[in-house]
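Me: I would like to learn how to read cavities and sheets in a protein model. Please take me through one.

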Amino acid sequence: MPAEAAIETHKLEAFEVQPEARLMQPIANAPRLTAASCEALREIEILDELGVRRAIYIPAERALTVFIDDRELVTLMTLGASPELLVLGFLRNQRLIKDAAALESIAVDWRTGTAVVKTRPVPRDPNEPLPRIVAAGGGQGSIYARLMSELDTIRLPDAADARVSAGALRSVLDIMRQHDAIHRHARSVHSCALFQQDRLVVSVEDVSRHNGLDTVSGWMALHGIDGADKILFTTGRLTGEMIIKAAQSGVPIVVSRNGVSSMGYDLAKKFGMTLFGRAVNRRFHCYVGAERFDAE
């Protein structure tokens, strides 16, 4: 691979915040965060179908073990683009914390592959075990029983207050075709992005769709961003857990290049959410929530 190409690909950012969004201030009592991002790509040599050896890039996946107040919780596999926000969003989406202010700090150290989370002092039995993390479809973990028991507390805005037009939806798809930089160079990753109508706010690429959504949720939690007027885009399939995470961030409209599982579909109906799936170029399916869609 030419040296110029190698330099250019290593400049690719797996986590991007748009200029206007960079001006947003963190919430009061926001946790202290390190800035331990990593290079998203790794160069290797392969043998292609013509018998030619050449250099290509692959996603630089790494393990990140999360500790809360010195107790091990879970190990996440990630590109490490914005690991502090990934951890924050994971904890929020698993309902281990109510908001970002519940944390004092998140310190990521790639030399040890750890994220050390310190919570603010609250009355709590130090011997109380942390909830058990079980495997999820994206290789992460989910405190499934905890999430399912609290679904009735989730509220999304009415259809009259949160809508999307066909033009805005096409713009979202057009924009995201230009923001899959890591995928175009190395494949094997998912994208997730937050929009305000057709204006991109923040986007991330990671090895799992859950990581992408958790990182976006972490950014929203850190800045106190309301999801009521937002659209969430993902390249991953819309399973039940993905729908719950989007709903917990208050986002009523979700768009995916992939399909929808039966649990994702049922939960979206329960929440009054609008789901667009198989959304590629100018084609899509509106699985549920068509009352929010202004077709042309």
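Me: By class, which residues are in the lining of the largest cavity?

Reply: Start with how such a space is found. Rolling a probe the size of a water molecule over the atoms shows where empty space is left. On a 1 Å grid over the protein atoms alone, a cavity is a set of points where a 1.4 Å probe fits but cannot get out, and lining residues have an atom within 4 Å of a point. Here the lining of the largest cavity has two nonpolar, two polar and three charged residues. Nonpolar covers Ala, Val, Leu, Ile, Met, Phe, Trp, Tyr, Cys and Pro; charged covers Asp, Glu, Lys and Arg; the others, Gly among them, are polar. The lining residues are Glu13, Ala14, Glu16, His179, Ser203, Val204 and Glu205. This is a predicted model: local features need pLDDT of at least 70, side-chain atom pairs count only at pLDDT 80 or more, and totals for chains, interfaces and linings use all residues. Residues are numbered from 1 along each chain as its sequence is written, and side-chain values use heavy atoms, with hydrogens and water left out.

Me: How many cavities of 30 Å³ or more does the structure hold?

Reply: Two. A volume is the space filled by probe spheres set on the points, with grid points joined across faces, edges and corners.

Me: Which strand gives the most to the lining of the largest cavity?

Reply: Strand β13 (residues 199-206), with three residues. Strands (E, at least two residues) and helices (H or I, at least four) are DSSP runs, numbered from the N terminus.

Me: Is threonine 215 buried or exposed?

Reply: Buried means under 20% relative accessible area, exposed over 50%, partly exposed in between (1.4 Å probe, protein chains only). Threonine 215 has 2%, so it is buried. Its place is in helix α7 (residues 209-223). Contact means heavy atoms within 4.5 Å. Not counting residues up to four places away in sequence, threonine 215 touches Phe15, Ser82, Leu85, Leu86 and Val204.

Me: In what order do the seven strands of the open sheet stand?

Reply: Strands of a sheet pair through backbone hydrogen bonds, either parallel or antiparallel. Two strands pair if DSSP finds at least two bridges between them. The order here is β1-β13-β12-β14-β15-β16-β17, with mixed pairing. β1 (15-17) and β17 (283-288) stand at the edges with a single partner strand each, so one side of each has no neighbour in the sheet. Three bridges join β1 to β13, which run antiparallel. Phenylalanine 15 stands opposite valine 204 in β13.

Me: Which helix packs on the sheet and touches β1 and β13?

Reply: α7, which also touches β12 (190-196) and β14 (231-234). Its direction makes about 135 degrees with that of β13. Axes are lines fitted to C-alpha atoms, for helices over the stretch in contact, and angles run from 0 to 180 degrees between N-to-C directions.

Me: Why is β16 largely enclosed by the rest of the structure?

Reply: Five of its seven residues are buried, so β16 is largely enclosed. Strand β15 (residues 253-256) pairs with β16 in the parallel sense over three bridges. Valine 254 stands opposite leucine 275 in β16.

Methods:
1 Å grid on protein atoms, 1.4 Å probe; cavity = no way out; pocket = protein on both sides within 12 Å on 5 of 7 lines; lining within 4 Å.
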